[in-house]
Amino acid sequence: MSRAVNFSWMDQPAQDGARRTEFTWTGPVGTGASIASALRGWEHLRYEVTEDPTDRSDGGRWMHTPDLGVFYAQTDVAGNMVVPEDRVRYAMEVAGSNALELHRELRLALGQSWDEELEPFRQAGEGNPVVWLHRVG
């Protein structure tokens, strides 16, 4: 069942003229991917969608910035990003014996550039709470 959603917009202190909103949602597994997909065409937006894991499924986190595009990572029950074995092996293969390249590949696998770009926007302005989008229940 779908329903209309109204957002309460407020000024975004991290960028003049920008606005921000937050929304907590509840839905079946896979709703996070649907939300992230629906937002994907809006290339000028910065957003994060987090879907908490359940006892039968992994969680997920989608981050998007205009400069970097979209990033997705699986998350565990504690909210940590999970880097699959094949991705770690790829990073090791690409890096060879170059430790700096291995660090670069692992930072990419963890979405560090997205985190760094989004961090100033996560901070709430005075009186504006920070609420993560997540799947509840």
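**Stop 1: the second largest pocket.** Select Phe-71, Tyr-72, Ala-73, Gln-74, Val-82, Val-83, Pro-84, Arg-87, Leu-108, Ala-109 and Trp-114; they line the second largest pocket. A pocket here is an open set of points on a 1 Å grid over the protein atoms alone, with protein on both sides within 12 Å along at least five of seven lines; lining residues have an atom within 4 Å of a point. The volume of this pocket is about 150 Å³, taken as the space filled by probe spheres set on the points, which are joined across faces, edges and corners. Colour the lining by type: 9 residues are nonpolar, 1 is polar and 1 is charged. In this scheme Ala, Val, Leu, Ile, Met, Phe, Trp, Tyr, Cys and Pro are nonpolar, Asp, Glu, Lys and Arg are charged, and the others, Gly among them, are polar.

Now colour by element. β5 (69-75) and α3 (99-109) each give at least two residues to this lining. β5 has the largest share, 4 residues.

**Before moving on.** This is a predicted model: local features need pLDDT of at least 70 and side-chain atom pairs count only at pLDDT 80 or more, while totals for chains, interfaces and linings use all residues. Residues are numbered from 1 along each chain as its sequence is written, and side-chain values use heavy atoms, with hydrogens and water left out.

**Stop 2: the whole fold.** Switch to cartoon. The protein has 4 helices and 6 strands, in the order β-β-α-β-β-β-β-α-α-α along the sequence. Both are DSSP runs numbered from the N terminus: helices are H or I with at least four residues, strands are E with at least two. Of the 137 residues, 30% count as buried. Buried means under 20% relative accessible area, exposed over 50%, and partly exposed in between (1.4 Å probe, protein chains only).

**Stop 3: a strand residue.** Select Val-49 in strand β3. Is Val-49 buried or exposed? Val-49 counts as buried because its relative accessibility is 1%.

**Stop 4: salt bridges.** How many salt bridges does the structure hold? There are 12, each a side-chain nitrogen of Lys or Arg within 4 Å of a carboxyl oxygen of Asp or Glu.

- Select Arg-19 and Asp-11: their closest N and O atoms are 2.7 Å apart. Arg-19 is partly exposed at 46%; Asp-11 is exposed at 55%.
- Select Glu-117 and Arg-46, a salt bridge at 3.9 Å, N to O. This pair links distant parts of the chain, 71 residues apart: Glu-117 is in α4 (112-122), Arg-46 in the loop between α1 (31-39) and β3 (47-51). Glu-117 is buried at 19%, and Arg-46 is partly exposed at 32%.
- Select Glu-105 and Arg-104, paired at 2.7 Å, N to O. Glu-105 is buried at 4%; Arg-104 is partly exposed at 38%.
- Then select Glu-48, Arg-61, Asp-115, Glu-119 and Arg-122: salt bridges with shared partners join them into one network.

**Stop 5: a nonpolar patch.** Show the surface of Val-5, Phe-7 and Trp-9, which make a nonpolar patch of about 290 Å². Patch residues have over 30% relative accessible area and no salt bridge; nonpolar side chains (Val, Leu, Ile, Met, Phe, Trp, Tyr) are joined within 5 Å, like charges within 9 Å. Areas come from the Shrake-Rupley method with a 1.4 Å probe; for residues, only the protein chains shown count as cover. End on Trp-9, in the segment before β1 (10-11). Trp-9 counts as partly exposed because its relative accessibility is 47%.

Terms used
On a 1 Å grid over the protein atoms alone, a cavity is a set of points where a 1.4 Å probe fits but cannot get out, and a pocket is an open set with protein on both sides within 12 Å along at least five of seven lines; lining residues have an atom within 4 Å of a point.
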